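Please consult the sequence and the model while reading the points below.

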Amino acid sequence: MTEPLPRLLIVEDDLGVQSQLKWSFSDEWLIDVAADRAKALEIAARTPPTIVILDLGLPPEPNGAGEGLATLEGLISLNPLTKVIVSSGNEDHRHALSAIRLGAYDFYPKPVDIEHLRLITARAAHLRRLEEENRQLARAGHAGPLANVIGESAAIQAVCQMVRRVASTTVNVLLLGESGTGKEVFAHSLHQLSGRAGQPFVAINCAAIPENLLESELFGHEKGAFTGALRQTTGKIQQANGGTLFLDEIGDMPPPLQAKLLRFLQSRVIERVGGRQSLEVDVRIVSATNRDLGALIEKGEFREDLYYRLDEVKIALPPLRDRIEDAPLLAQYFLDSFAASMGRKVTGFSSDAQVALSAHPWPGNVRELENRVKRAVVLAEGRLVTAKDMDLVGGAMPTLRESRRRADYQAVTTALLLAGNNLSLAAKYLGISRPTLYDLIETHNIHV
C-alpha cells in the first residue's frame, strides 16, 4: 500500500497565484485553498494540513500583515506541528521577522519562484515527519531501546543491550562515564529489569556527603554512637535490603570506608556505627564513577580488591558527542516536557538551533543539553527555540578531526553491536584487520 499524500493548505487571496500554486503542487499534495482567515482556520480545524503556504497580505488588510499574522497564530494554535511558510509582496522584512517569532517555519518574498518554494516545502515536510516520529516514540513511553533512555544511536543501543543482558543476574555492575551521561538512569534500568524491581532502589552520592557522616549514612548508627546520635538510624545498605544499592561517584569514597565496604561485599553482613549486632543484608550493588579508577589504584587512592568486587561487569556510557545523532531527539523530548510543565507554547527548533544541536561538543553531556533547552523554553519569544535562546550562537561546525573521530567511534560501535562483540567478525564488517580494530577500540576507549 502506498502512503497517503500529505495535505497542503494554500492561503492566498490572489486567484492567479492560487491557480499557479495549485497546479505546481497538485502532483504530490492534497490541496486545500482559502482566501481569508476564517476559511483557512475552518479548513485547518476540519482537516489539519501538513504544510501551509500563507500570504501575509490577506483581506481586509491586503497591503499590511496584521491579518496574515493573526491567521498564522490561529493555524499554529490549532496544530503546533503544522509548518507554515509565509510570503508577502511587501519588502518590509519586519513582517518576516514577526512571522518567524510567532512560529512560522520559513519566509519567501513575492513574486513566487516555484522551484525555490518546492524546495522549502519539501524540507518543511521532512522536518514535520521527523518531529511526528519523535512524538510517537515519546507517547509510546520511551524514545529509545530502554524505558527512560532517549536515543536510537548504535552507541546507546549497545549499552542498552548490555543492560538487558546483565539486569536479570545478581552480578555487581560498574557504570563508567563522564558527568551528565545518565549513569543513575541506567542504574534505575538495571533495577527495573531485574527480579528485584518490586524492592527498594536506594541511591547515595559518595562525593556529596562529608567523610565523617558517610559511614553512618551507609551503615546506620546506634543511639548515642556519637554526639547528636539521638536515636537508632538505619543506613542506606540496610534500607536497600532485597533491592539495589546505587553507589554514585564511588571513586570519591574515602579509603577507610573502602575497607569497610569491601568487608560487607565479602560477608554481606553489616554493623551499625556504635553497635555490635551483625545484620545480614541481601542487596545488589551498582556503582558509578566519572574518574579513572585504574589511575587511582596506581596512586594508592582506591583499593584494587574493592575494584574487582565492584567491577564484576563494567558498562561504559558514551558521551553525547559520540552519539550526536541523539541530540535532536533528546532536545525535542526535553522541550515538550518543559513546555508542558511551564505552560509555554514552544513547539520546536529553528533551523539555526538544529545546526547548533549537532555542532556543539556538549562537554556537559545530556545534563547540559537539558539545562540549555530548559533555559530556551523560558526565553523563547516565538514558537521555535533559536540557537541564541540556547546560548549556542557562534557555535562552529565540528572540525574535520572531530568529525572523523565521531565517524570512527560510530562505525566501530555499530560493527561490534552487529557482530555480538565478536572482534574477528566486527573487523570483517569494517574491512580492517584485528590489530587495527584493537587500536581503534583503545584509541576511542570503547569497552567491549
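**Briefing on selected features**

Lysine 39 and glutamate 42 are three residues apart in helix α2 (residues 37–46), so about one helical turn separates the two. Helices (H or I, at least four residues) and strands (E, at least two) are DSSP runs, numbered from the N terminus. The model is predicted: local features need pLDDT of at least 70, side-chain atom pairs count only at pLDDT 80 or more, and totals for chains, interfaces and linings use all residues. Residues are numbered from 1 along each chain as its sequence is written, and side-chain values use heavy atoms, with hydrogens and water left out.

**Salt bridges**

- Side chains of opposite charge can pair when their charged atoms come close.
- A salt bridge is defined here as a side-chain nitrogen of Lys or Arg within 4 Å of a carboxyl oxygen of Asp or Glu, and by this rule the count comes to 15 salt bridges.
- Aspartate 32 and arginine 7 form a salt bridge through their side chains, at 2.9 Å from N to O.
- Because aspartate 32 lies in strand β2 (residues 30–34) and arginine 7 in strand β1 (residues 7–11), this pair ties together parts that are 25 residues apart in sequence.
- Aspartate 32 is buried, at 15% relative accessible area, whereas arginine 7 is partly exposed, at 24%; buried means under 20% relative accessible area, exposed over 50%, and partly exposed in between (1.4 Å probe, protein chains only).
- The side chains of lysine 39 and glutamate 42 also meet in a salt bridge, at 3.8 Å from N to O.
- Lysine 39 is partly exposed, with 35% relative accessibility, and glutamate 42 is partly exposed too, with 42%.
- A further salt bridge, 3.0 Å from N to O, links the side chains of arginine 323 and aspartate 326.
- Arginine 323 is buried at 5% relative accessibility, and aspartate 326 is buried at 2%.

**Strand β6 and its partners**

- From strand β6 (residues 173–176), Val173 and Leu175 point one way and Leu174 and Leu176 the other way, and all are buried.
- Strand β6 pairs in the parallel sense with strand β13 (residues 284–289) over four bridges; two strands pair if DSSP finds at least two bridges between them.
- Leucine 174 has serine 287 as its bridge partner in β13.
- Strand β14 (residues 313–316) runs parallel to β6 and is joined to it by four bridges, with alanine 316 in β14 opposite leucine 176.

**Aspartate 55**

- An unreviewed UniProt entry annotates Asp55 as "modified residue: 4-aspartylphosphate"; UniProt positions are given in the numbering used here, feature names are shortened, and annotations may be inferred rather than shown by experiment.
- Aspartate 55 belongs to strand β3 (residues 51–55) and is buried, with a relative accessible area of 6%.
- Not counting residues up to four places away in sequence, aspartate 55 touches Val11, Glu12, Asp13, Gly68, Ser87, Ser88 and Lys110, where contact means heavy atoms within 4.5 Å.

**Helix α13**

- Leucine 329 is in helix α13 and is buried at 8% relative accessibility.
- The C-alpha atoms of leucine 329 and alanine 419 are 26 Å apart, and the two residues are 90 residues apart along the chain.
- Methionine 342 is likewise found in helix α13 (residues 327–342), and is partly exposed, with a relative accessible area of 31%.
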